[in-house]
Amino acid sequence: MPDRTPEREPETTAPPATASGPGRVLVAIYAIFAVGSTSRAAAQIATRFDEAPVPYALSALAAVVYVLATLALAKRGVGWWRVAVVACAFEMTGVLVVGTISLLLPGAFPDATVWSNYGMGYLFIPLVLPVFGLLWLRKTAPRR
């Protein structure tokens, strides 16, 4: 007897939202860094900006990146996914550049930033966080 079962097309599954599953943990960690780096930068700039303007400006830049990454990872949509990729890639570049400069030219950083020494003051989380972020974004990439 011939099989009379209608053929089914393979099911396509949409990638998970960036804020679902492990992405929730990622968003939470980015949010903690957003609040912490924003608070730190605000206090540094308000009270002693003249002591170390470059590190304090870099702390403010890191704060903006963490806030942007948090929002982008928490939102849905291709546009937000792209913003998250750019934010995480920029963060990774910042950590590597600032980390390297702070080790090679310690006098250039009279006070630490979030990204100094590859985030050593923050248990190297700033170094590994964008790696996990980019890996998660790769997994949740919009399908064409």
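## Contacts of Q44

Leaving aside neighbours within four places in sequence, Q44 is in contact (heavy atoms within 4.5 Å) with F49, Y56, S59, D111 and A112. Q44 is found in helix α1. Helices here are DSSP runs (H or I, at least four residues), as strands are (E, at least two), numbered from the N terminus. Q44 is buried, with a relative accessible area of 4%. Buried means under 20% relative accessible area, exposed over 50%, and partly exposed in between (1.4 Å probe, protein chains only).

## About the model

This is a predicted model, in which local features need pLDDT of at least 70 and side-chain atom pairs count only at pLDDT 80 or more, while totals for chains, interfaces and linings use all residues. Residues are numbered from 1 along each chain as its sequence is written, and side-chain values use heavy atoms, with hydrogens and water left out.

## Aromatic pairs

A pair of aromatic rings is described by the distance of the centres and the angle of the planes. Rings of Phe, Tyr and Trp (its six-membered ring) pair if their centres lie within 6.5 Å; planes under 30 degrees apart count as stacked, over 60 as edge-to-face and the rest as tilted. The whole structure holds three aromatic pairs. In one of them, the ring centres of F33 and Y66 are 5.4 Å apart and the planes stand at 45 degrees, so the pair is tilted. F33 lies in helix α1 (residues 22-48) and Y66 in helix α2 (residues 53-74), so this pair ties together parts 33 residues apart in sequence. F33 counts as buried at 9% relative accessibility. Y66 counts as buried at 0%.

F33 also pairs with Y122: the centres are 5.8 Å apart and the planes at 50 degrees, so this pair is tilted. Y122 lies in the loop between α3 (78-104) and α4 (125-139) and F33 in helix α1, so the pair ties together parts 89 residues apart in sequence. Y122 is partly exposed, at 25% relative accessibility. Ring pairs link Y30, F33, Y66 and Y122 into a cluster.

## Packing of α1 and α4

α1 and α4 pack at an angle of about 145 degrees, with their axes 11 Å apart. Axes are lines fitted to C-alpha atoms, for helices over the stretch in contact, and angles run from 0 to 180 degrees between N-to-C directions. From α1, the residues making the contact include L26, Y30 and F33. From α4, they include I125, F132 and W136.
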